[in-house]
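Here is a short briefing to read alongside the model. Please keep the sequence and the 3D view open as you go.

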Amino acid sequence: MEDLDDLDRKILAALHVNGRASWTDIAQLIGTSTTTVARRAQHLFGAGLARVAVLPHLEHEGPVHVFLVRLTCAPGSQLRVAGLLAANPDIRYVTIVTGGYDIVFELVAPKHRDLYSMLVDFVHTIPGAQQSNADLVLHTYKVSYDWSAPLLGPQAAAFATPRPLHTCERGHLDDVDREVLAALRDDGRASFQSVGRRLGISESTARRRLEAMLDRGCASVTAFIPAAALGYEAEILFWLSVEPSMQDSVAERLSGERGVRMIASVLGQASLICEVIVPTTADLHHFTSRTLASVPGIQSWTAGVQVLTVKRGFLMVPWAENRIAAALVN
């Protein structure tokens with residue numbers, strides 16, 4: 001990541017806000033040639049610094065319970081435990097953190113599933129896993145995909161892919177929709193021609209199906225890029241204790257901060273969990289000493305630095321794959 005220059009970072013930022021944008025559109029946005037963008041982007045993908053996927057709405061198959069789980073591990077076992085957690089298809093997100101816990105992960109459980117077997121039996125049979133603390137997610141106020149937009153300037157807003165609000169129900173997607181999503185899960189930039197050829201449908205059908213799902217909010221194009229590759233020094237998870245009557249106002253106030261990538265209400269010792277990405281530790285100091293300190297209703301907070309994210313959106317992130325593979329072999 002230290003070898004990346006400003007042009008590399010702008011290409012990554014453009015992919016982050018619009019993962020299926022053409023090389024020509026990205027070139028026009030950042031002021032360089034299409035050939036340069038294509039060559040550099042292919043190198044960045046090959047180096048494991050980006051992954052684009054088309055993902056279905058979280059509840060496309062029906063209602064789910066979402067739990068954020070904090071886990072302590074035996075010394076030296078963090079990578080192996082994280083890898084074993086990431087291999088579970090019901091786990092959407094895994095990160096290794098500093099602080100009182102070693103790992104934070106997000107478990108997505110269909111409402112008919114046995115929670116005891118998922119939260120207790122599974123977790124505590126993993127070698128190295130120790131104490132866990134699971135919080136039920138009650139409401140998500142914000143999930144942001146535009147925290148990298150400042151790298152692109154004011155034109156980034158028009159370049160971004162819109163993400164409509166939507167509540168999915170069973171039956172919204174048929175078998176062809178699911179096949180299109182499956183074809184674009186591992187390579188969200190695959191051409192409609194290649195998707196159609198793979199599925200035995202026409203290119204126009206593949207295009208129409210995806211565009212309809214995106215327009216309805218049944219699916220979204222998501223780019224996974226490490227914050228450090230874009231020059232951001234700090235990725236932090238905050239657990240906020242908030243006056244109960246002020247929970248909504250606190251969440252709405254923090255949602256207005258660009259650096260806040262996610263904020264949700266949880267059932268646990270803390271009231272809100274907040275994921276924050278900022279360029280420097282000085283910006284982090286400003287966020288804690290001024291932003292958090294100035295919001296009425298926040299009583300206390302704890303935090304952990306994300307030192308290695310392993311999984312997002314149910315997918316292993318490419319920059320962690322080699323480390324995890326080595327940990328699981330040893």
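Predicted model: local features only at pLDDT ≥ 70, side-chain atom pairs only at ≥ 80, totals over all residues.

Residues are numbered from 1 along each chain as its sequence is written, and side-chain values use heavy atoms, with hydrogens and water left out.

**The whole chain**

- The chain holds 12 helices and 11 strands; helices (H or I, at least four residues) and strands (E, at least two) are DSSP runs, numbered from the N terminus.
- For 330 residues, a compact globule would have a radius of gyration near 20 Å, and the chain agrees because its own value is 20 Å. That radius is taken over C-alpha atoms, and the globule rule is 2.2 Å times the number of residues to the power 0.38.
- Along the principal axes, the C-alpha atoms fill a box of roughly 50 × 45 × 45 Å.
- Buried residues make up 50% of the 330 residues. Here buried means under 20% relative accessible area, exposed means over 50%, and partly exposed lies in between (1.4 Å probe, protein chains only).
- Of the contacts with a separation of 6 or more, 76% link residues 24 or more positions apart; a contact means heavy atoms within 4.5 Å.
- The chain has 30 positive and 34 negative charges, and their mean positions are 3 Å apart. Lys and Arg count as positive and Asp and Glu as negative, while His and the chain ends are not counted; each charge is placed at NZ of Lys, CZ of Arg, CG of Asp or CD of Glu.

**Strands β8 and β9**

- Strand β8 (residues 260-267) is largely enclosed by the rest of the structure, because seven of its eight residues are buried.
- A hairpin of four residues leads from β8 to β9. Strand β9 (residues 272-278) pairs with β8 in the antiparallel sense over five bridges; two strands pair if DSSP finds at least two bridges between them.
- Within that pairing, Val260 has Val276 in β9 as its bridge partner.
- Strand β7 (residues 234-242) also pairs with β9 in the antiparallel sense, over seven bridges, and Val276 in β9 is the bridge partner of Ile236.
- In β9, seven of the seven residues are buried. In a regular strand the side chains alternate between the two faces of the sheet. Both faces of β9 are covered, with Leu272, Cys274, Val276 and Val278 buried on one side and Ile273, Glu275 and Ile277 buried on the other.

**Strands β5 and β2**

- Strand β5 (residues 129-143) pairs with β8 in the antiparallel sense over six bridges, and Val137 stands opposite Val266 in β8.
- β5 is also joined to β2 by six bridges, and these two strands run antiparallel; Val69 has Ala134 in β5 as its bridge partner.
- Strand β2 (residues 64-73) is mostly covered, with nine of its 10 residues buried.
- β2 pairs with strand β4 (residues 103-110) in the antiparallel sense over eight bridges, and Leu71 stands opposite Ile103 in β4.

- Thr291 lies in helix α11 (residues 281-294) and counts as buried because its relative accessibility is 5%. Leaving out residues up to four places away in sequence, Thr291 touches Arg253, Leu254, Glu257 and His286.
- Ala41 sits in helix α3 (residues 34-46) and is buried, with a relative accessible area of 1%. With residues up to four places away in sequence set aside, Ala41 touches Ile11 and Trp23. C-alpha to C-alpha, Ala41 and Val307 are 25 Å apart in space, and they are 266 residues apart in sequence.
- Phe314 is found in the loop between β10 (298-312) and β11 (315-316), where it is partly exposed with a relative accessible area of 27%. Phe314 has a phi near 70°, a positive value in a residue other than glycine. Most residues other than glycine have a negative phi.
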